[in-house]
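Colleague: I'm new to this one. Can you put it on screen and walk me through?

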Amino acid sequence: MDTKQSVKNTLSDFSLEAHDLYLNESVPYLDTPPDPLQFYRDWIGPNKPCIIRNAFSHWPALSRWTPDYLREKVGSKVISVAVTPNGYADAVAGDRFVMPEERRMTFSSMLDIIEGKVQASGVFYVQKQSSNLLEELPELTEDVERHIPWMSTALGKLPDAVNFWLGESNAVTSMHKDHYENLYCVVSGQKDFLLLPPTDRPFIPYGLYQPAVYHQRDDGEFEVVDENDSEKVPWIPLDPLDPDLERFPQYRQARPICCSVKAGEMLFLPSLWFHHVRQSHGCIAVNFWYDMEYDIKYNYFQLLEALSGVSTLV
């Protein structure tokens with residue numbers, strides 16, 4: 001047996017063992033906010049997702065954040081909105097990694113599009129991930145929390161970012177991973193997640209792509225503009241909802257978990273888990289990114305990345 005095949009076999013066994021030893025076949029539910037130490041022991045340490053009910057039932061946002069309230073509170077605020085022709089921002093399109101056009105517009109203008117009061121070409125999504133709730137919409141922070149106290153206690157730190165999400169139903173987040181312990185809180189509507197554990201990395205294909213940005217021309221059509229001074233971006237070319245198994249046969253071994261997070265529910269998405277996200281139309285969410293610990297688990301994942309590159313780089 002050659003070395004490459006031996007590595008592939010070992011990585012397959014590695015993933016199977018993780019599923020046998022500790023990974024769940026579905027995302028479990030917790031009915032109450034957890035004790036910080038217990039949460040660290042049961043979920044953060046083992047790197048396992050869960051959905052927590054009643055974790056932010058005290059937030060005024062759950063009842064307040066209607067379109068009328070948001071118009072009155074922040075309607076005149078200018079925010080960053082991602083605009084794409086097809087709903088796929090930060091995703092592979094052909095031989096490019098294409099990012100959205102970042103458009104500045106008032107919050108009321110975004111609500112007009114969501115509510116169908118204005119017909120707009122393209123798909124619009126408030127998804128700027130640089131703590132946009134605190135930076136662009138601080139008036140809304142009194143309706144939520146700036147951090148999740150039990151999570152901050154469990155990790156001994158405050159979140160790096162608190163993000164606000166609002167978008168159309170055809171706005172999709174392509175599959176990727178983050179270096180954060182993520183608490184994702186759905187305020188209204190529903191988010192649908194497809195999750196893959198870090199141990200399934202050997203089956204997830206990556207490629208290197210020329211970065212580009214969508215730009216909407218005056219005639220309403222979108223063009224793709226290369227960012228020629230930027231380095232190539234490693235990204236996942238596979239659509240987990242319709243995987244091309246002829247092109248990516250190793251993905252047959254992946255074991256995705258699907259879950260829906262409804263209004264009033266919080267998903268704990270552990271660091272380095274791969275995720276693909278869809279949503280109901282007009283869904284509003286707030287998430288908290290806590291930086292992961294760059295400890296031996298991260299070190300092991302880097303090794304797994306390097307070994308996986310032997311068989312999955314396209």
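Colleague: Which residue in β7 does I79 stand opposite?
Modeller: I79 stands opposite M105. Keep in mind that this is a predicted model.

Colleague: How do β3 and β7 pair, parallel or antiparallel?
Modeller: Antiparallel, over 6 bridges.

Colleague: And what sheet do they sit in? What's the strand order?
Modeller: It's an open sheet of 9 strands with mixed pairing. The order is β1-β2-β17-β11-β19-β9-β8-β3-β7.

Colleague: Which strands are at the edges?
Modeller: β1, residues 29-30, and β7. Each of them pairs on one side only.

Colleague: Where do side chains point in a strand?
Modeller: In a regular strand they alternate between the two faces of the sheet.

Colleague: Which residues of α5 are buried?
Modeller: F107, S108, M110, L111, I113 and I114. Buried here means under 20% relative accessible area.

Colleague: What covers them?
Modeller: The cover includes helix α4 (67-74). Strands β3 (78-84), β7 (101-106), β8 (123-126) and β9 (161-167) are also part of it.

Colleague: What follows α5?
Modeller: G116, with a positive phi near 75°.

Colleague: Where else is there a glycine with positive phi?
Modeller: G220, in the hairpin of β13 and β14. Its phi is near 95°. The hairpin has 5 residues between the strands.

Colleague: How many bridges join those two strands?
Modeller: 5 bridges. β13 is residues 207-216, β14 is residues 222-226, and they run antiparallel. One of the pairings puts Y214 with V224 in β14.

Colleague: Zoom out. How many helices and strands in the chain?
Modeller: 8 helices and 19 strands. The radius of gyration is 20 Å, close to the 20 Å the globule rule gives for 314 residues, so the chain is as compact as a globular protein of that length.

Colleague: What does the C-alpha trace span?
Modeller: About 65 × 50 × 30 Å along its principal axes.

Colleague: And how much of the chain is buried?
Modeller: 51% of the 314 residues. The accessible surface comes to about 14,500 Å², and 48% of that belongs to carbon and sulfur atoms.

Colleague: Last one, charges. How many positive and negative side chains?
Modeller: 27 positive and 45 negative. The centres of the two sets lie 1 Å apart.

Definitions and conventions. Residues are numbered from 1 along each chain as its sequence is written. This is a predicted model: local features need pLDDT of at least 70, side-chain atom pairs count only at pLDDT 80 or more; totals for chains, interfaces and linings use all residues. Side-chain values use heavy atoms; hydrogens and water are left out. Helices (H or I, at least four residues) and strands (E, at least two) are DSSP runs, numbered from the N terminus. The radius of gyration is taken over C-alpha atoms; the globule rule is 2.2 Å times the number of residues to the power 0.38. Buried means under 20% relative accessible area, exposed over 50%, partly exposed in between (1.4 Å probe, protein chains only). Accessible areas come from the Shrake-Rupley method with a 1.4 Å probe; for residues, only the protein chains shown count as cover. Lys and Arg count as positive and Asp and Glu as negative; His and the chain ends are not counted. The place of a charge is taken as NZ of Lys, CZ of Arg, CG of Asp or CD of Glu. Contact means heavy atoms within 4.5 Å. Two strands pair if DSSP finds at least two bridges between them.
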